[in-house]
Amino acid sequence: MHGTKQRPADAHPGQWVLIAPEAATDPPKTADSEPLFTKLRNPSTGEATLYLFNSGAQQLFEVKAFHEEYRSWFIGQTVQQDGRLLFVTPMDPLFLILYYLIKADKEQGKFQPLDQVVLDSEYPSCPLLLKCADVKQYIQHVTEEKEIGSQKFHKYSQEKTLKWLKKKVNQTVKALKSNNISVGERVHAATFISGKQITDSKEDYVRYAHGLISEYIPEDLSKELLKYLGLPELKSRAPEPPLKEVFTFKLNTCSQFMERNIHSYGLIK
């Protein structure tokens, strides 16, 4: 999010222009279950990042901002001086839960109930991650599980997590190819490899997909995933992941691109 420039004093603090799937803005079934914009801990950096829970916190969405200087919006008969365009895209809550599982494993190293693991005094909305649909079903992809009586206990499993992340990488590679997104030049440019003709190799796609997924996992796990995928670690900076490019393309094509591509990437189930 761009927060370096002070917002104009007359800008409406609670009003933005955003592009979002219908599921993100469905009307609440009860008065206390409205969609919620909230900051949660970024699973890669640990820093505050804006997310959206839909009605009833059944689904998690990532919020990104497209920002250009001197841009405003006409809304009805008023001018919205905050000219940012927010993109709301679905995201697998397991990425955020994974951060807490790894932290608990380092600190306690024991099986615990999930509601004792996914807690954060700095981010009170954090427990809502456990309310998202299918979390309890898919948590087995990243944890070992024990059941005592009617209660389940979980512990982070790196082996299962790497297997799950590899599946995410493969899903991303498939989406990149099916949408004819070329990655060879980006990978070669980022790794300072020169050549007269550059084609998209299998390794290029896997490395590029790994770069995307790495935006949502801790650095140490990203390095382990690189080894698990059989890719050598590079000394230079990895190529920018596709989603960062999504938020800089021309505004008149963004809706079509999001519908075709974002829902296909490995960030959702």
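In the predicted model, helices H1 (94–107) and H4 (158–178) pack at an angle of about 155 degrees, with their axes 13 Å apart; axes here are lines fitted to C-alpha atoms, for helices over the stretch in contact, and angles run from 0 to 180 degrees between N-to-C directions. H1 and H4 are therefore roughly antiparallel to each other, given that angles under 35 degrees count as roughly parallel, those over 145 as roughly antiparallel, those of 65 to 115 as roughly perpendicular and the rest as oblique. The crossing of H1 and H4 is left-handed, a crossing being left-handed if the near helix is turned anticlockwise from the far one by less than a right angle, and right-handed if clockwise. On the H1 side the residues that meet H4 are Leu94, Phe95 and Leu98, and their counterparts in H4 are Thr161, Trp164, Leu165 and Lys168, where contact means heavy atoms within 4.5 Å. By class, this contact of H1 with H4 has 5 nonpolar, 1 polar and 1 charged residues; Ala, Val, Leu, Ile, Met, Phe, Trp, Tyr, Cys and Pro count as nonpolar, Asp, Glu, Lys and Arg as charged, and the others, Gly among them, as polar.

Residues are numbered from 1 along each chain as its sequence is written, and side-chain values use heavy atoms, with hydrogens and water left out. Because the model is predicted, local features need pLDDT of at least 70 and side-chain atom pairs count only at pLDDT 80 or more, whereas totals for chains, interfaces and linings use all residues.

The protein chain has 9 helices and 9 strands, both taken as DSSP runs numbered from the N terminus (helices H or I, at least four residues; strands E, at least two). Of its 269 residues, 45% are buried, where buried means under 20% relative accessible area, exposed over 50% and partly exposed in between, with a 1.4 Å probe and protein chains only. Among contacts in the protein chain with a separation of 6 or more, 64% are made by residues 24 or more positions apart.

In soluble globular proteins, nonpolar side chains tend to be buried together. The largest nonpolar core of the model has 48 residues, and those with the most contacts inside it are Phe95, Ile97 and Leu129; such a core is a set of buried Ala, Val, Leu, Ile, Met, Phe, Trp, Tyr and Cys residues joined through side-chain atoms within 4.5 Å. Two or more residues are given to this core by each of strand S3 (48–53), H1, helix H2 (114–117), H4, helix H6 (202–213) and helix H7 (219–228), and the largest share, 9 residues, comes from H1. Leaving aside neighbours within four places in sequence, Ile97 is in contact with Val118, Leu129, Leu130, Val135 and Ile139. A second, separate core of 8 residues includes Leu50, Leu52, Leu86 and Val88.

A further helix pair is formed by H6 and H7, whose axes come within 10 Å and cross at roughly 160 degrees, which makes H6 roughly antiparallel to H7. This crossing is right-handed. Arg207, His210 and Ile213 in H6 meet Ser222, Leu225 and Leu226 in H7, and by class the contact has 3 nonpolar, 2 polar and 1 charged residues.

Valine 169, found in helix H4, is buried, with a relative accessible area of 0%, and, not counting residues up to four places away in sequence, touches Val206, Ala209, His210, Ile213, Leu225 and Leu229. The C-alpha atoms of valine 169 and glycine 211, which are 42 residues apart along the chain, are separated by 9.2 Å. Valine 206, in helix H6, is likewise buried, at a relative accessible area of 13%; with the residues up to four places away again not counted, valine 206 touches Val169, Val173, Leu229 and Leu231. Between valine 206 and glycine 230, 24 residues apart along the chain, the C-alpha separation is 9.9 Å.

Positive phi values occur at two loop residues other than glycine. Alanine 57, in the loop between S3 and strand S4 (60–66), has a positive phi of about 55 degrees and counts as buried at 6% relative accessibility. Aspartate 134, in the loop between H2 and helix H3 (135–138), has a phi near 75 degrees and is partly exposed, with a relative accessible area of 39%.
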